[in-house]
Amino acid sequence: MISRLLVLPLMVALAACSPGTPIEFVVHQSTVIADAGKPTERRIEILEDARFTPAMRTAMWGGSKDPADFLAAPGVTADAALKRSFAETEPRRALVRLIDPTGKVLAERQLDCELAATSDHPLPQAGDRKVWAVGNDCSTGDGLYAGLITRFTTVEGDKFVWQHYVDAASLDNEEMTLVQAARITWHLRPKDRAETILEVSCHPDFTDRRFQAVKPGEALPQDLPDVTDYIRYRADGQGGWIRQQRTVKGKRWDDRQDFPAESEFPG
């Protein structure tokens, strides 16, 4: 699960911060995934904005990604040039790459937010698949639904193959995107295999007429009823997932409560 993603020490080589200088990336994490020490060795690397110092990254992880916030955090120091650089160019979103021993980039994806980490070992899955968890910290420091995003990928033919699910009811096919935040979280069952995922999510009742009447920019009514979704994902044995959902209106869940019993979930 995301909270167990390994975060390696950050080795930072700051790019020059003079106006007009391109913002560079540095490797935050490098994980051998196959054939260590051989010409066929493969690595997954996480790259982040080279301007981030370890103290900045500590302040940002699970918190605000706004320079006005993390530059003012305890323990963070930045000279005038670095502050000016962040004012001129916003923090870059993280990259995940697949590379060979020469450093050649075989596959790359830009993630949604600035900080990321990958699991230090794969999760086994049916069909002898090795599944890697890639976590992307999209926390804002507040809010109920912004948090840590996890995606699962295999590496096939020197490409990332991001896992998808099919909704059992609608048959919609979507990329598997799991979030850990105040009103939504998930667990693996069992915790060391990518076979079954239980997810609980609580949100306002979107079918309520008052919710549907809210115009862009307007605040939601404070007394909207809550809805809790209990979701089960099952690996389909072919590198995908099947999603089933049970919804309970009028029920509230958040991360101050225990994770629901497995009997609450469908299937």
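1. A residue counts as buried when its relative accessible area is under 20%, and as exposed when that area is over 50%. These terms are applied below to a predicted model.

2. Cys138 has a relative accessibility of 12%, which is under 20%, and therefore counts as buried. Cys113 has a relative accessible area of 13% and is likewise buried.

3. How many disulfides does the model hold? The count comes to one disulfide. It joins Cys113 to Cys138, with a distance of 2.0 Å from S to S. The pair qualifies because its sulfur atoms lie within the cut-off of 2.5 Å.

4. Why is this disulfide described as right-handed? The torsion about the S-S bond of Cys113 and Cys138 is about 110°, and the disulfide is right-handed for that reason. As to location, Cys113 belongs to the loop between strand E4 (105–110) and strand E5 (115–118). Cys138 belongs to the loop between strand E7 (129–137) and strand E8 (148–156). The pair therefore ties together parts that are 25 residues apart in sequence.

5. Is Cys202 buried or exposed? Its relative accessibility is 0%, so Cys202 counts as buried.

Methods: Residues numbered from 1 in each chain as written. Predicted model: local features only at pLDDT ≥ 70, side-chain atom pairs only at ≥ 80, totals over all residues. Heavy atoms only, no water. Helix = DSSP H or I, 4+ residues; strand = E, 2+ residues; numbered from the N terminus. Buried < 20%, exposed > 50% of the residue type's maximum accessible area, 1.4 Å probe, protein only.
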